[in-house]
Amino acid sequence: MKIFLMLFQALLGIAAAPFAGGLIKKLKNNIRMRKGAPLLQPYHNIIKLMRKNETISKDASYIFTAAPYIHLTTAIAAVFLVPSFFPPLHVNGLGDVFVIIFLLALGRFFMALAGLDTGSTFGGMGSSREMFLSSLAEPAMLVSVFAASLAAGSTGINALVAAGTFKISLICSGLAFYLVLLAETARVPVDNQETHLELTMIHEAMLLEYSGKSLALIELAGYLKQFILISMLVYFFIPFGTGPVFYIAKFLAVCAGTAILEVTIAKMRLFRAVDYLIFSFMISLAAVAAFVMGV
Amino acid sequence: MYIELMQYSVLLMAFSMVAAKRFSALVTLFALQSFLLFLLTFSEAAKNGSTRLYIVAGLILAIKVIAIPAFLSRITKKIKVPDGMGLYVNTTLSIFIAALITLLSYYFIRNFLPAMDKEAGAALIISLSVTLIGLFIMIFRIKALAQVVGLLIMENGIFLAGASITDGIPFFVEIAVSFDVFVAVMILGVFVYRINSLFTHIDVDKLNELKG
Amino acid sequence: MEGFVVDWKLSFDALSIFFGFIILLVSIPSWMYSIGYMQGLYSGGRILFAKILLLLFILTMFLVVFSANALLFLIAWELMSLLSYFLVTLDPHEEKASRAGLIYILMAHIGTAFMTAAFLIIYSYSGSFDLSAFKETCLILPLKVKTTVFLCFLVGFGTKAGLIPFHIWLPFAHPEAPSHISAIMSGVMIKIGIYGFLRFVLFTLGVEELWWGNLVLVLAALSAAGGILYALMEKDLKKMLAYSSIENIGIIMLGIGGYMIFVKMNQPLLAVFSLAAALYHIINHAIFKTLLFMGAGSILKTCGTKNMEKLGGLIKLMPVTAFCFLIGALAISALPPLNGFISEWLLLQALFYGALAGATFAKMKIFLALLAGILALTGGLAAACFVKAFGISFLAVPRSKKTETASDSGWSIKAPMIFLTALIFIFGLFAGPVFKILTGVAASVSGLNNGAAAFTFNVLSLAPQEGSGVHLNNLLLSGALVLIGIFVFSIFKVISREKSITYGKTWTCGYYSVNGRNQYTATGFSKPFRVAFSFILMPYRKMEKIRDSYYHVKSFKYEVHTKQLLNEYFYKPVINRIFRFAEWSRKLQQGSVHIYIGYIFLALVFLIIFLKRF
Amino acid sequence: MEIILLLITLLFAGGLSFFIKKGSSAGMVTLSGQIIAAVFSFLLCVRAAGGVPLEVLNFFYIDGLSAFFLLLIAVSSMATAFYSLWYFKNDENTGFYYFLFNIFVFSMYFVVTVNNLGMMWMAVEITTLASAFLVGYRNNKTAVEAAWKYVIICSVGITLALFGIILFYYTASSQTGLRNLNWTELNAAGKFLDPMVVKAALIFIIIGFGTKAGLAPMHNWLPDAHSQAPTPISALLSGVLLKASFYAIIRFVIIASKSVGFSFCGNILGLFGIISLAVAAFFMLVQKDIKRLLAYSSVEHMGIVSLGFYFGGKAGIFGALFHAFNHALAKSLMFFSSGVIIKKYGTNNMHQIKGALEVLPFAASAAFLGMFAIAGLPPFSIFMSEFTVLYAGFKNGFYYSSSALLIFLAIIFGALLFHFSSMLYGKKPANMSASKESAGITALFGVMLLFLLALGFHIPDFLRTLIGAASNVIFGVE
């Protein structure tokens with residue numbers, strides 16, 4: 001029974017994930033006094049890409065072909081792990097919150113390889129930067145989760161969800177996690193999804209060589225990743241009100257916040273991003289300290 | 001009484017050897033010093049008429065007073081080297097240092113061997129300082145032969161010690177030692193020849209091929 | 001007491017057997033690998049010589065692990081270093097190898113000197129080299145002596161294990177050695193250092209104070225982060241692997257340091273857990289590091305270079321090697337569902353529950369959280385490092401003529417790699433049983449209560465602590481992954497059935513061609529890291545332009561290097577000082593016989609003056 | 001009785017080889033002489049190991065200590081005689097060499113067996129004089145220079161030692177009316193001697209004989225002599241001569257310890273030991289001449305021996321004596337093997353020697369292993385003796401000097417390895433070609449290495465009892 005619920009929730013998540021992306025885009029455009037693409041544009045894109053023929057570099061190897069599948073697979077597996085629409089559904093044996101981080105890392109690993117696979121200079125540059133940022137983001141993310149789980153008394157998903165009291169430590173870790181989230185989902189202060197200048201690309205540069213179905217897979221995976229991270233934020237760090245309604249409300253709030261943030265601030269240089277991530281790491285440590293002090 | 005006198009004059013000889021500039025003078029002084037030792041031993045022998053000491057005295061006369069100086073002066077004739085033996089420090093300073101050495105040995109004996117009776121102590125001080133002065137000559141005189149003589153002076157000092165503070169170290173040891181000295185001087189002489197023939201000088205301080 | 005007698009007493013307790021197992025695990029494939037690897041590289045006689053040496057080397061490692069007598073241990077230990085030195089400098093023409101060997105054995109010797117001191121200090125209390133006697137004696141040692149001994153052991157064994165700051169020999173020796181030797185050295189020999197640390201510090205000396213554990217943890221963290229950082233900077237494949245060995249030693253030592261502090265925080269269960277995690281990582285590192293060195297070796301054999309900038313495109317030319325290397329890279333980057341992931345996950349759990357448990361040790365919580373962060377950073381950097389290693393040397397287009405004609409080597413090289421690849425999967429998937437055994441080992445050797453039962457929820461899944469609803473059943477996880485994968489694949493196959501795939505030139509935003517020269521390079525890949533961590537790495541660049549006219553630059557040379565902080569500011573200066581002093585002291589002996597006699601005189605005077613002092 | 005036969009044999013062999021000018025046959029005579037002498041000394045050892053000292057006509061006195069040193073001399077002089085055969089196989093009329101060789105060995109045998117200390121002093125002096133010509137044998141500038149320094153410095157030292165002996169005699173005769181210089185009687189009178197005089201005497205003794213034993217800072221003759229002498233003689237010098245004169249020191253220390261206690265003597269020796277180690281360590285680092293390198297390593301090892309005495313205790317003494325034995329073996333091996341290399345390359349300069357492992361596989365590997373042996377790596381026996389000495393140090397609480405010993409050993413190891421790996425590895429010079437090596441010499445190397453290895457694992461009871469007897473003598477156990 002539980003399994004089926006989980007499946008259902010996962011499918012729901014997969015279905016809903018692109019919407020969040022679309023929503024954020026729409027909001028951004030509205031704030032900029034533009035009309036913007038329709039909310040369902042992401043779905044259109046994915047389907048369109050599905051329909052297209054694909055071109056693959058002859059220098060590429062099976063890594064290039066396999067990477068999108070692996071990327072998507074890990075993302076979906078992570079969707080299974082995180083609580084989204086129905087709070088505590090987690091099946092024991094699938095590990096804990098750390099596993100989610102490791103899973104995302106797996107997908108990233110292969111995408112980075114794929115970026116190098118075609119021998120395209122931009123791909124290489126992209127994957128280099130991607131790995132750079134992610135390796136710096138990892139400690140911040142982990143320690144913020146660490147702090148939350150300290151408060152919860154376990155790294156288990158259920159425990160984390162159950163622990164719901166506002167504390168300074170939780171706020172700090174939540175903030176740290178959110179900063180990492182922006183970095184991981186290629187959002188503005190670190191990266192810019194809408195850029196069309198290869199040299200400023202980070203995440204997109206990795207995918208330059210992709211087309212057609214593979215690109216669809218990757219975009220879907222990207223939306224899923226964003227979905228996962230936002231759900232984690234919502235469930236682990238914003239502890240009031242459980243149940244689907246609250247969840248969706250909080251989720252949309254986070255999206256809105258992100259949209260506003262993105263239009264109001266400018267993208268950083270790559271090496272300022274380092275300070276940004278270290279800052280978030282420091283906040284997460286501060287969260288641990290706060291927890292020790294019991295506030 | 002006159003024994004002390006002789007001992008002191010041995011020291012005097014040592015000092016004058018420190019003061020000596022020319023090699024021939026050094027050899028002569030050495031012969032004189034050895035002769036004093038001979039007198040010392042001979043008088044000892046006369047006092048307690050032991051043949052052993054007579055023989056020793058004879059040995060000294062034969063080896064140290066006659067043979068070795070002759071040998072040395074022969075070498076100096078053989079190898080045409082200027083008679084000066086090259087001083088690192090001039091005579092004044094040398095004598096000063098020699099005096100210091102004497103003081104050192106005085107300090108040493110008086111501090112560490114207080115039990116010793118008076119004249120034995122005095123004799124020991126003299127012999128030690130003669131020995132060290134011999135060492136000093138070996139250090140601060142450039143020419144090879146000077147070093148040989150310095151070695152001999154050390155021997156003399158030690159012999160003085162042996163003769164005065166003990167009643168002569170056991171007999172055949174004494175003989176062995178003096179022969180040994182003789183052989184040593186011979187061998188050193190041979191090496192002086194070789195050095196002279198190879199380097200055309202006997203400035204030992206120029207022998208510094210081997211370093212570090 | 002008429003001289004020492006070596007008595008060949010052996011003991012086979014759980015720890016020794018565990019390490020013996022590791023030795024077998026690595027040395028058998030390496031032996032097989034060496035057969036194929038050495039032929040063609042060396043002359044027949046030398047190969048035979050090398051084989052004999054290798055055999056002796058393996059035997060001495062066994063001797064070290066199983067000896068129940070400290071003296072025997074010491075002798076076997078030094079013999080091990082000596083033999084491995086001969087193996088490193090196998091080819092007498094290699095000036096570089098001989099220099100590397102020099103640094104290696106010198107460091108090893110210094111380490112041994114410290115161990116010798118420690119042993120002798122203990123011995124002068126115990127009066128016997130028997131390990132049991134040592135153990136009894138250590139109970140009554142005064143604290144000061146204990147601390148001294150501990151520090152001696154830390155330096156001694158840390159040197160062999162390649163713990164920062166005693167690691168400098170490692171990046172020299174491992175790359176220069178023949179690849180199968182590098183495999184054994186990185187796979188096992190440095191673990192023998194860990195064995196010594198466990199045997200003598202943890203289970204003989206005992207953990208006396210909390211700061212011991214903290215010190216170990218700090219060094220471990222330094223090794224982990226620093227090692228992988230330097231690895232990331234390398235473009236020499238084997239050197240990169242050597243540095244990553246330092247990183248992994250750091251990770252292992254994290255577990256061991258965890259044990260030490262948990263013992264002092266009286267958390268026996270956690271202590272056992274963390275030690276078991278460390279043991280787990282020891283196995284894993286043994287497996288994948290050996291595998292990776294073998295991969296690098298077969299590249300070196302066929303392409304004649306281990307410089308990544310000259311490689312590329314090998315995934316098509318040497319598919320087997322590529323696949324094995326890929327799996328190894330995934331495992332060492334701690335990615336699920338492979339074995340590296342398991343041990344790092346366990347370590348994270350250990351740190352977490354340590355932070356949770358140490359209620360009375362408030363600042364330990366922050367410390368442990370920081371360590372967890374560093375572990376995560378290490379993981380991230382490791383991933384980057386191996387993306388670079390695999391991506392640059394196996395993917396895209398060959399970067400040199402010789403690489404274009406490369407091909408997979410014979411079976412004696414392929415088979416061990418495949419075997420080890422299989423092991424990676426086995427030790428990853430069946431984590432539960434393995435971990436049960438390891439906790440058994442840890443519990444039995446540490447004498448702490450056997451918490452093995454608590455750590456495995458059911459046969460197949462790991463649980464750091466009962467009651468905390470956290471279980472990891474890797475079989476389930478990977479099963480899920482595979483299922484989802486198949487599902488996704490088939491779905492998308494179905495959806496886009498009739499779409500055609502065309503193979504063309506790489507687009508590169510319209511640039512006309514991709515060849516070996518305009519691809520992304522290893523140096524370029526690591527550029528951001530070099531800039532971000534420039535405060536440690538201290539990069540500097542050499543540029544030289546040769547221009548025949550003002551307007552035309554004929555050739556342009558550009559190199560980027562990083563400095564080794566420790567070498568620059570500690571080892572080199574010390575060594576230079578010593579040499580300068582030696583050079584100066586030569587002045588004391590300028591060949592003047594007068595001065596020599598003067599020395600005698602001075603010695604005499606000195607003794608005369610200071611006679612009363614003696 | 002054997003001792004007299006032994007000495008006569010040597011004299012006879014010497015005379016014979018003097019009269020047969022021809023190199024090879026003289027060498028054979030010498031070798032056989034050495035072998036016979038060795039046999040005799042083995043017999044003596046066997047008898048003396050029992051613990052009852054032998055007195056022969058109240059002139060020779062052979063107890064455990066002398067026996068041990070007899071063994072040491074016998075082994076290395078035999079090996080050296082054998083090596084000389086190969087070394088001089090191409091030169092004619094080496095009769096004089098062999099004559100001196102025999103006299104040299106004779107005098108060393110004499111040193112360790114004679115009872116009268118005066119005679120012992122004389123014998124030590126004779127070793128100098130005999131070996132002087134051996135050092136200057138090549139009779140070129142450097143050789144003569146070395147010989148001159150050797151003779152002068154050693155004579156100075158010896159003369160100072162004589163002063164010490166006289167002081168000894170003085171107090172003995174004044175306290176106990178002793179009329180001769182026999183060691184046995186002095187030793188018996190030991191506890192009646194005036195401590196202050198004994199201390200004063202001991203200074204002169206240790207500096208005097210220490211000069212010949214190559215303790216820094218009196219060691220300066222040593223590298224010159226070793227580098228200039230023909231290789232066999234270098235081996236003999238550092239293999240045996242140094243120990244023989246250290247034996248003299250030990251004899252006096254035994255007497256002195258009766259009245260002033262062992263620690264006083266130990267402290268002085270310890271001081272010189274540490275200085276020797278330091279000097280050796282730093283001079284070895286920047287050495288260019290291979291034989292000088294080995295010479296300094298001899299200084300180092302004599303330092304270790306005297307440190308063994310400093311640390312004292314049964315362990316310290318045992319370690320020191322055992323170390324002396326091991327060093328004699330290993331150092332001879334080193335000189336022999338590097339002699340082969342030097343002959344091949346025609347230079348002592350280590351910067352000009354490259355790729356020796358390729359040119360002379362056997363000799364080079366022997367040199368390499370021997371290098372590890374003298375550097376004190378297990379499983380070679382020197383590790384064991386050094387370990388014992390160190391143990392004594394840590395046991396008796398000499399933490400600082402033991403740590404210093406460890407540090408210097410590490411530096412010296414580095415220096416040796418640095419030089420040797422640069423000589424043995426690398427590309428061989430173009431004009432060199434791998435030549436076949438003399439089987440006899442290779443066998444010699446093999447045997448010596450085997451000895452070193454075997455002693456590392458197990459000390460045969462014979463040697464053990466011998467050293468035990470020696471240390472008993474030192475501790476005055478009857």
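1. A residue counts as buried if 20 or more other C-beta atoms lie within 10 Å of its own, as exposed if 12 or fewer do, and as partly exposed in between, with the C-beta atoms placed from the backbone. By this rule, buried residues make up 46% of the 212 residues in chain B.

2. This is a predicted model, in which local features need pLDDT of at least 70, side-chain atom pairs count only at pLDDT 80 or more, and totals for chains, interfaces and linings use all residues. Residues are numbered from 1 along each chain as its sequence is written, while chains are lettered from A and ligands numbered from 1 in the order in which they are written.

3. Chain B has seven helices and zero strands; helices (H or I, at least four residues) and strands (E, at least two) are DSSP runs, numbered from the N terminus. The radius of gyration of chain B, taken over C-alpha atoms, is 17 Å, close to the 17 Å that the globule rule gives for 212 residues, so chain B is as compact as a globular protein of that length. The globule rule is 2.2 Å times the number of residues to the power 0.38. Along the principal axes, the C-alpha atoms of chain B fill a box of roughly 50 × 35 × 30 Å.

4. Two residues are in contact if their C-beta atoms, placed from the backbone, lie within 7 Å. Of the contacts in chain B between residues at least 6 apart in sequence, 72% join residues at least 24 apart.

5. Chain B also meets chain D: 35 residues of chain B are in contact with 36 residues of chain D. On the chain D side, helix 5 (117-135), helix 6 (141-176), helix 8 (195-213) and helix 9 (221-228) each supply at least two residues. Helix 6 of chain D gives the most, with 18 residues. The residues on this side of chain D divide into 21 nonpolar, nine polar and six charged. Here Ala, Val, Leu, Ile, Met, Phe, Trp, Tyr, Cys and Pro count as nonpolar, Asp, Glu, Lys and Arg as charged, and the others, Gly among them, as polar.

6. Which chains share the most contacts? Of the four pairs of chains in contact, it is chains A and C. Chain A and chain B do not touch, and their nearest C-alpha atoms are 55 Å apart. No contact joins chain A and chain D either, their closest C-alpha atoms lying 40 Å apart.

7. One residue of chain C can be checked by eye. C:Ala220 lies in helix 9 (residues 210-233) of chain C, and counts as buried because it has 26 C-beta neighbours inside 10 Å. Leaving aside its neighbours within four places in sequence, C:Ala220 is in contact with C:Gly250, C:Met253, C:Leu254 and C:Gly257.
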